[in-house]
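User: Hi! Could you walk me through the pockets and helix packing of this model?

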Amino acid sequence: MTDQHFPLTDFEQVDGDIMQQRAAAHLALMQRRHTVRSFSAEPVPQQVIEQVIQIAAGAPSGANHQPWHFVAISDPKVKQQIRQEAELQEAGFYGGRAGEEWLQALKPLATDAHKPYLETAPWLIVIFSQKRGGIDNNDNDTNYYVHESVGIATGFLIQACHQVGLATLTHTPKPMSFLSKICNRDNDNDRPYMLLVVGYPAADATIPAHALKKKPFATICTLLTE
């Protein structure tokens, strides 16, 4: 042990059979993860939201600078404001700003400018990336691999939500600058990265057939073995 390093004492190594069982169980669990666009208004405990965010904040990041900030919102008035602003931007997007090719790609999902789930779902989590900050909040050091780091943390968050029994929807209205103002992060350092809708699926929630089509393993993975 040195002043900068400590022994790794909390890693659990398991044998091959247990590893395979865990891998199969986790694969089965994540194959039941689906993006939904119809949410129940049933409340979700704040403690659960705080814990899944803590899981996300444990993601690896460039130089361990953790270049992210999460704003978790359950206030109905704030959610209503976010919906109004998001639908305003989405109206322009679906009205032609997206371009015909993009709109055609979205057509099988049957999405449009109306986003009622932004009010219905019990929680919205706005994820911000940060250009500067360093390891301590008061630092002004440059953050590294910001986009990659925040993307990994967002993946951790989505997985954590599914693990505890919650559904999610990733939402990225363009532009997203209104989220900075609503969340009181309107500065030159914080940038809205993604808006995650979190809650239970509505009783009548559906999954587009298009979303169930996944690429075969052989097309998404190349194995270089002996």
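User: Which residues line the second largest pocket?

Analyst: This is a predicted model, where local features need pLDDT of at least 70, side-chain atom pairs count only at pLDDT 80 or more, and totals for chains, interfaces and linings use all residues. Residues are numbered from 1 along each chain as its sequence is written, and side-chain values use heavy atoms, with hydrogens and water left out. A pocket is an open set of points on a 1 Å grid over the protein atoms alone, where a 1.4 Å probe fits, with protein on both sides within 12 Å along at least five of seven lines; lining residues have an atom within 4 Å of a point. By that rule, the lining is His26, Leu27, Met30, Gln31, Arg33, His34, Gln159, Ala211, Leu212, Lys214 and Phe217.

User: Which helix gives the largest share of that lining?

Analyst: Helices are DSSP runs (H or I, at least four residues), numbered from the N terminus. With three residues, the largest share of the second largest pocket's lining comes from helix H1 (residues 16–30).

User: What volume does the largest pocket have?

Analyst: A volume is the space filled by probe spheres set on the grid points, which are joined across faces, edges and corners. The largest pocket has 25 lining residues, with Arg37, Leu106, Leu109, Leu169 and Thr170 nearest its centre. Its volume is about 530 Å³.

User: At what angle do H2 and H6 pack?

Analyst: Axes are lines fitted to C-alpha atoms over the stretch in contact, and angles run from 0 to 180 degrees between N-to-C directions. Helix H2 (residues 46–56) and helix H6 (residues 146–164) have axes 8 Å apart, and their packing angle is about 140°.

Definitions and conventions:
Helix = DSSP H or I, 4+ residues; strand = E, 2+ residues; numbered from the N terminus.
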